[in-house]
Amino acid sequence: MLSHDHAVELHGVSRVFAGRAVLDGFALTIRPAEFVAILGASGTGKTTLLRLLSGLDRADGGTVRVPRRRSVVFQEPRLVPAKRVWQNVVLGRRGAAARARAEAALTEVGLAAHVNAWPKTLSGGEAQRVALARALVQEPDLLLLDEPFAALDALTRIRMHELVGQLWQRYRPAVVLVTHDVDEAILLADRVLVLSGGRISLDVPVDFPQPRIRSGRDFSDLRMRLLSELGVAVH
Amino acid sequence: MSSIIRIEFPPAQQAPARGGEGGLIDLSPQRHDLSPQRHPAPGRSRLNGWLLRAAAPAAILLAWQLASSFGFVAVEVLPSPADIVAAFAELIRLGDLQAALPVSLGRAVAGLAIGGTTGLALGLFAGLWRIGEGLFDAPLQMLRTIPFIALVPLFITWFGIDELAKLMVIIAATIFPMYLNTYAGVRGVDPKLIEAASIFGLSHRQAAWHVILPTALPSILVGLRYASGAALLALVVAEQINARSGIGYILNNANMNQRSDIIIAGILVYAALGIAIDLLMRLLEHLALPWRPKLALA
């Protein structure tokens with residue numbers, strides 16, 4: 001059973017691909033409503049970790065405990081092109097009640113005008129907001145964000161950061177955000193983890209208040225620390 | 001009035017020369033003007049397009065009629081367009097065409113319905129379930145290499161020379177296009193979409209219904225279009241077998257009576273059926289796939 005003070009509990013988790021342990025003796029706990037960002041170079045196990053948390057993949061050993069209600073926003077929107085936007089939001093459900101829920105969720109992400117649109121007519125940012133609405137409709141206790149802003153242009157990304165921050169404040173799910181963007185991690189998260197070699201090499205709280213300003217002293221100190229942990233030379 | 005746009009780039013070495021007052025940069029002495037141009041009124045250009053397309057067929061018809069009228073070709077070999085129109089009038093007056101069309105169409109539609117449904121079912125089964133793929137895919141891929149026309153003698157020995165043999169030829173011709181496109185369509189659905197569906201709590205059945213089938217529908221409809229074309233082709237072949245009704249019967253009779261005007265009229269009926277089927281399929285695709293961006297290469 002999931003204890004009440006943890007949304008996610010991982011102990012001694014291992015996952016092996018073709019003889020190579022991507023995760024080995026991995027441990028992580030996340031509190032309810034905590035916003036955790038995970039940084040790490042490619043191949044450090046970020047994606048594997050996210051797939052274990054989402055239930056798309058199973059661990060080879062250890063304990064994985066996650067809430068029953070989970071949602072994922074992927075890097076690509078992954079919308080069914082043959083279904084209207086609202087049908088994608090409540091995929092697999094029909095009827096007036098489902099539609100009303102979809103409309104409410106789409107209104108929250110600012111897409112009330114696109115309820116009946118076809119996915120292929122949307123811009124990248126709009127499609128990603130539909131994916132966010134689809135994740136919200138599940139009323140998740142754990143929201144997994146797999147580099148959801150990576151493919152968006154810089155301006156759209158800033159708006160998406162605000163939107164995700166607001167929605168998290170309102171619904172308070174635990175959030176795991178996998179990203180390559182150090183600034184994004186510091187802007188949004190309560191806690192930043194750096195993964196390397198299938199382990200957590202750094203686990204720092206981000207304790208300065210919102211809204212965070214990139215030019216702030218705390219911000220740049222933490223940015224330096226994270227970048228050097230990621231092996232990027234900072235001058 | 002060429003519609004081809006040539007875009008010419010300046011040679012790389014040539015440094016762009018700075019323009020005068022406006023600070024404009026002159027890219028090249030040969031730069032091409034791509035600013036909006038004034039087009040003729042749309043109605044008029046559409047009319048021109050139609051006239052252009054009708055010109056060649058009209059010229060051929062005219063040459064054909066003149067060649068017949070002046071006696072350059074024998075009427076028994078190639079009757080004139082006017083003769084063929086008269087043959088149509090004769091077929092309609094005697095009620096032959098009205099009697100033949102429903103019979104021929106009925107054969108094609110029945111064969112397409114049975115063959116297409118079978119191909120669709122096999123394609124879905126092989127696409128959605130691994131056991132179906134294992135059972136059917138290899139044998140069907142082997143069978144599809146047989147041209148269905150080669151089966152006609154075999155089908156005559158198996159099914160006789162009546163309706164059953166004709167129906168079986170059409171069924172054999174329509175199963176494979178339907179199977180192949182359905183199978184490819186189902187297998188072509190992005191696994192990431194199916195993964196997303198499972199994250200959002202859809203069962204396998206729901207994922208098949210709400211994600212896989214709608215996404216595979218364009219490919220399934222392509223299969224249906226190919227199968228319809230194959231049904232028509234198979235109809236023509238099947239109606240050569242001891243036809244006692246249908247368009248094949250008209251053709252057969254005309255052949256025995258040396259009536260090339262009626263033969264050509266019959267061939268034109270087959271052609272018209274082909275066009276009608278194509279239009280119907282396009283309409284169906286238009287109605288069934290409203291979500292597809294309309295791409296028209298004019």
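In this predicted model, chain B and chain A bury about 1900 Å² between them, and carbon and sulfur atoms account for 68% of that area. In terms of contacts, 18 residues of chain B touch 22 residues of chain A.

Charged and polar pairs turn up here too. The interface of chain B and chain A holds 3 salt bridges. In one salt bridge, the side chain of Glu195(B) meets that of Arg78(A), with an N to O distance of 2.9 Å. As for polar contacts, 5 residue pairs are counted between chain B and chain A, with both residues at pLDDT 80 or more. On the chain B side, helix 7 (191-199) and helix 8 (204-238) each bring at least two residues to the side that touches chain A. Helix 7 of chain B gives the largest share of that side, with 7 residues.

Then there is the surface of chain B itself. Leu62(B), Leu66(B), Phe70(B), Phe72(B), Val73(B), Val77(B) and Leu78(B) make up a nonpolar surface patch of about 720 Å². One of these patch members, Leu66(B), sits in helix 1 of chain B, which runs over residues 42-69. Leu66(B) counts as partly exposed because its relative accessibility is 41%, a value that falls between the 20% limit for buried and the 50% limit for exposed.

Definitions and conventions: Residues are numbered from 1 along each chain as its sequence is written. Chains are lettered from A and ligands numbered from 1 in the order in which they are written. This is a predicted model: local features need pLDDT of at least 70, side-chain atom pairs count only at pLDDT 80 or more; totals for chains, interfaces and linings use all residues. Side-chain values use heavy atoms; hydrogens and water are left out. Patches are made of residues with over 30% relative accessible area and no salt bridge: like charges are joined within 9 Å, nonpolar side chains (Val, Leu, Ile, Met, Phe, Trp, Tyr) within 5 Å. Accessible areas come from the Shrake-Rupley method with a 1.4 Å probe; for residues, only the protein chains shown count as cover. A salt bridge is a side-chain nitrogen of Lys or Arg within 4 Å of a carboxyl oxygen of Asp or Glu. Helices (H or I, at least four residues) and strands (E, at least two) are DSSP runs, numbered from the N terminus. Buried means under 20% relative accessible area, exposed over 50%, partly exposed in between (1.4 Å probe, protein chains only). Contact means heavy atoms within 4.5 Å. Buried area is the accessible area (1.4 Å probe) that two parts lose on being put together, summed over both. A polar contact is a pair of N or O atoms within 3.5 Å; within protein, one must be able to donate a hydrogen and the other to accept it, and residues adjacent in sequence count only if both atoms are side-chain atoms.
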